[in-house]
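Thanks for coming. I have one structure to go through today, and I will keep to a few parts of it.

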Amino acid sequence: MLLQTILNRVEKHPSFVYAEARFADSADSADSTGGDSAGGDSVIEVLVRERANSRPICSGCGQRRPGYDRLPQRRYQFVPLWAISVFLLYAPRRVNCSACGVKVERVPWADGKSRITTSYQRFLANWAKRLSWQEVADVFRTSWQTVYRSVEKVVAWGLAHRNLDNIEAIGVDEIQWQRGHHYLTLVYQIDNGCRRLLHIAENRTAKSLLSFFRMLGPARSAALKFVCSDMWKPYLKVIAKKAAAALHVLDRFHIMSAMNKAIDEVRAAEAKRLKQDGYEHILKHSRWCFLKRRENLTDKQTVKLSELLKYNLQTVRAYLLREEFQRFWQYRSPLWAARFLWEWLGRAKRSRIEPMKKVARMLERHGELLMNWFLAKGTISAGIVEGLNYNVKLTMRKAYGFRTANALKTALYHRLGALPEPEFAHRFW
Ligand SMILES: [Zn+2]
């Protein structure tokens, strides 16, 4: 079987033919015309020719136009075959277009000036969903940049072709990155049956969230039924304005993380005091005992926690307050839940633990949004935002090579955006 036969099976272009196929030295091919291949190995080169009498397509307007002249041969990298790099070689024609002037023709296997074929970009991008970009680059002997550009292309196509209709529930989340005070605002769709990352904006200002509503448009924003978020003021304002018809819910994940933050603060301050008094050992290695859920503790941490609970420490009292609050989510009757909440807030405010008092005051101010949880019950499950947040962090951790916000955004949309893909005659992955 000829290589041309295989190529015609996997990717046939009616106006072009695969002519000669040959081995070439990769030393010749690693020239300035682009393409990545490991030095020393042979590569496969396939010459491509246009069909006789076919007229080129103008890259400006997409119309068939008379030919003008021909540019030097270009190399386009194709999907490797049996770990051998493959290049298509073609000398593009220029067209004489009545509308656009003299333009280079459009070829069906690559976009614009790209020297990587669309199939190879899709191929790399799909592996980049399973492996880190650097791993993909290593496995297929290409560069990190090529993988990045490929993913970027695929993401741009997906964003342009995704369907944003019928979104009923969204969750707003903020996430820290690059250490220090860099934030990203993330918006997820959290409908049953469709959970995906919808939008990423830099910072966590009103403007960040407004960019989401602008992208969604006024009609779709007005159709939203549920919005979950934390108590961050700029978000609350924007949501009240742009999704006025939606039920705004302060979700469990964000409230519990606010409490965890308070507990951590109490523990750090108390550990410092104990150290000064020479009781350093008591709170040593205790951080995760207080922050993790009980069922997730290791045996060692469980023992440590039960020991800690014997002390009358502020950290312990803050921990117990949080544990009690868990009951709030289990109520069925909003009335009883409200009563419980009221009583809990009273206790927290009397606790003389400043960070917990702060959380209590914040919850009191947003009591209504908190009680909306019960109105939304059955529609929004407690773990949704938490689960998506976890996946975002996982992608970020895998993405230690991302120095720019743009690369990180691209990776997050790629992995979590559930973006559509075009139909192909053959899938290479
Ligand atoms: Zn034209």
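This is a predicted model: local features need pLDDT of at least 70, side-chain atom pairs count only at pLDDT 80 or more; totals for chains, interfaces and linings use all residues.

**Strands, a zinc site and a cavity**

I will start with a pair of strands: S3 and strand S6, which covers residues 93-97, run antiparallel and are joined by 3 bridges.

Now the metal. Which residues coordinate the zinc ion? They are Cys-58, Cys-61, Cys-97 and Cys-100, each through SG, at 2.3 Å. The spacing of these donor residues in sequence is C-x2-C-x35-C-x2-C. Cys-58 sits in the loop between strand S2 (42-50) and S3, and Cys-100 in the loop between S6 and S7, so this pair ties together parts that lie 42 residues apart in sequence.

Why is the arrangement called tetrahedral? The 4 donor atoms subtend angles of 106 to 116° around the zinc ion, and the cut-off for tetrahedral is that all angles lie between 85 and 135 degrees.

Cys-100 is partly exposed, and its relative accessible area is 30%.

Next is strand S5, residues 84-90. Of its 7 residues, 6 are buried, so the strand is largely enclosed by the rest of the structure. S5 pairs with S2 in the parallel sense over 4 bridges, and there Glu-45 has Phe-87 of S5 as its bridge partner. With strand S4, residues 74-81, S5 pairs in the antiparallel sense over 6 bridges. S4 and S5 form a hairpin with 2 residues between them. Trp-82, in the turn, has a positive phi of about 50°.

The structure holds 2 cavities of 30 Å³ or more. The second largest cavity contains about 60 Å³ of space. Its lining residues include Lys-129, Val-154, Val-155, Tyr-413 and His-414. Helix H5 (144-161) and helix H17 (405-416) are the elements that give two or more residues to this lining.

That is what I have; questions are welcome.

How values were computed. Residues are numbered from 1 along each chain as its sequence is written. Side-chain values use heavy atoms; hydrogens and water are left out. Two strands pair if DSSP finds at least two bridges between them. Donors are N, O and S atoms within 2.8 Å of the metal (3.2 Å for Na, K and Ca); water is not among the atoms, so sites may look incomplete. Four donors count as tetrahedral if all angles lie between 85 and 135 degrees; four count as square planar and six as octahedral if opposite donors are over 155 degrees apart and all others between 65 and 115; anything else is irregular. Buried means under 20% relative accessible area, exposed over 50%, partly exposed in between (1.4 Å probe, protein chains only). On a 1 Å grid over the protein atoms alone, a cavity is a set of points where a 1.4 Å probe fits but cannot get out, and a pocket is an open set with protein on both sides within 12 Å along at least five of seven lines; lining residues have an atom within 4 Å of a point. Grid points are joined across faces, edges and corners, and a volume is the space filled by probe spheres set on the points.
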